[in-house]
Amino acid sequence: MVSHGKTGGSKGRSPTPTPNRDNGGGAVGGGGGGGGGTGAQTATAGNNLARSTLHANKTILKTVSVFLASGKRNSNNQSKTAATALQNKRQLRQRKMEELSGKINPKLLDNLRKKTRFTKDELDALCRIYRKLVSNCQYAAKTLASSSSSAAIAKPHAAVEGIDRIVFRELLHSTFDIVTEEILMERIFCSWDKAHEGLPLRLEGWLIGLSTFLRGTATERAAFCFRVYDLNTDGFITKDEMFTLLRNCLIKQPQDEDPDEGVKDLVEIVLKKFDIDKDGKVSLEDFMATVTAEPLLIEAFGQCLPTDSAVVSFFSTLQV
């Protein structure tokens with residue numbers, strides 16, 4: 001009975017857990033919980049790494065795409081620039097060939113008719129004259145190069161694409177009766193085409209300058225003379241420039257002891273006549289006002305326009 005009572009009592013109470021076993025079980029359970037937390041962290045880190053890698057890849061791809069697109073645009077721009085440059089070069093070459101052959105394309109012809117006072121037939125004839133003058137320039141240049149003592153070691157002479165000084169001066173002297181000294185002749189050449197001072201005269205510059213020279217209005221011819229007399233192209237004819245022009249134009253007499261004194265006196269007289277605003281030099285406005293009032297003074301500092309008889313004779317030779 002006693003034995004059964006103990007057994008019954010034993011069954012009635014909860015068994016007392018063994019400390020070591022419970023601690024071991026708790027340790028195992030805790031270890032299981034810790035393992036679960038580490039796995040979640042690892043998964044999160046992996047996801048973050050994947051997202052970072054994907055973002056980096058997208059950035060790289062975007063950068064490469066931008067670079068390739070930029071390179072393609074640059075390539076296209078370079079191609080367009082090269083094509084434009086080639087087209088311009090071809091047009092320039094064609095224009096030079098047309099100039100040297102004396103031919104004018106219809107568009108340029110229409111433009112020149114607006115800029116000059118020549119008819120279509122006159123322009124055609126003047127272009128033939130231009131071709132002959134350029135041929136003379138080229139022949140003279142080749143002759144000079146071949147006769148030079150250093151021709152053997154000199155570089156090949158480039159073709160002169162225009163009318164040079166020598167042929168231009170000969171034309172003025174023989175065709176238009178321009179008889180003047182060296183300085184004034186050089187200034188006429190440099191002032192002929194005001195867009196390209198001092199360069200060989202090309203077809204358009206030759207025709208526009210010739211239009212002013214032969215058929216220009218009083219205002220245009222006066223402006224041309226002023227450009228010729230303005231030796232340093234500063235917009236004024238100074239006393240020094242007047243002295244140079246008048247001294248070279250006057251014929252020196254053997255009995256003159258000091259011709260420069262006479263030239264200085266003449267400069268003072270001319271300056272008083274032309275200097276309207278009394279600032280000691282002649283501006284374009286001064287010059288225009290003076291020659292408008294007294295047209296004969298338009299060539300006061302030297303001849304730079306053709307005579308009327310020379311103009312009539314020149315147009316008669318055009319056979320138009």
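Contact here means heavy atoms within 4.5 Å. The model is predicted.

Helix 6 spans residues 182–192 and is mostly covered. Eight of its 11 residues are buried. They are L184, M185, R187, I188, F189, C190, S191 and W192. E181 caps the N-terminal end of helix 6. One of its side-chain oxygens lies 2.7 Å from the backbone nitrogen of I183.

## The largest nonpolar core

In soluble globular proteins, nonpolar side chains tend to be buried together. The largest nonpolar core in this model has 59 residues. W206 and F287 have the most contacts inside it. Helix 4 (residues 120–147) gives the largest share, eight residues.

Where does this core lie relative to domain 1 and domain 2? Domain 1 comprises 94–145, 160–215 and 306–319, and domain 2 covers 217–304. Both give residues to the core, so it lies between them.

## F287 and the EF-hand annotation

Which residues does F287 touch, leaving aside neighbours within four places in sequence? F287 is in contact with A222, C225, F226, Y229, I237, F274, V282, I298 and F301.

An unreviewed UniProt entry places the feature "domain: EF-hand" at residues 217–252 and 262–297. Over residues 262–297, the chain is 64% helix and 6% strand. The end C-alpha atoms of that stretch are 20 Å apart.

Key:
Residues are numbered from 1 along each chain as its sequence is written. This is a predicted model: local features need pLDDT of at least 70, side-chain atom pairs count only at pLDDT 80 or more; totals for chains, interfaces and linings use all residues. Side-chain values use heavy atoms; hydrogens and water are left out. A nonpolar core is a set of buried Ala, Val, Leu, Ile, Met, Phe, Trp, Tyr and Cys residues joined through side-chain atoms within 4.5 Å. Buried means under 20% relative accessible area, exposed over 50%, partly exposed in between (1.4 Å probe, protein chains only). Helices (H or I, at least four residues) and strands (E, at least two) are DSSP runs, numbered from the N terminus. Domain bounds come from an automatic or database domain assignment. UniProt positions are given in the numbering used here, feature names are shortened, and annotations may be inferred rather than shown by experiment. A polar contact is a pair of N or O atoms within 3.5 Å; within protein, one must be able to donate a hydrogen and the other to accept it, and residues adjacent in sequence count only if both atoms are side-chain atoms.
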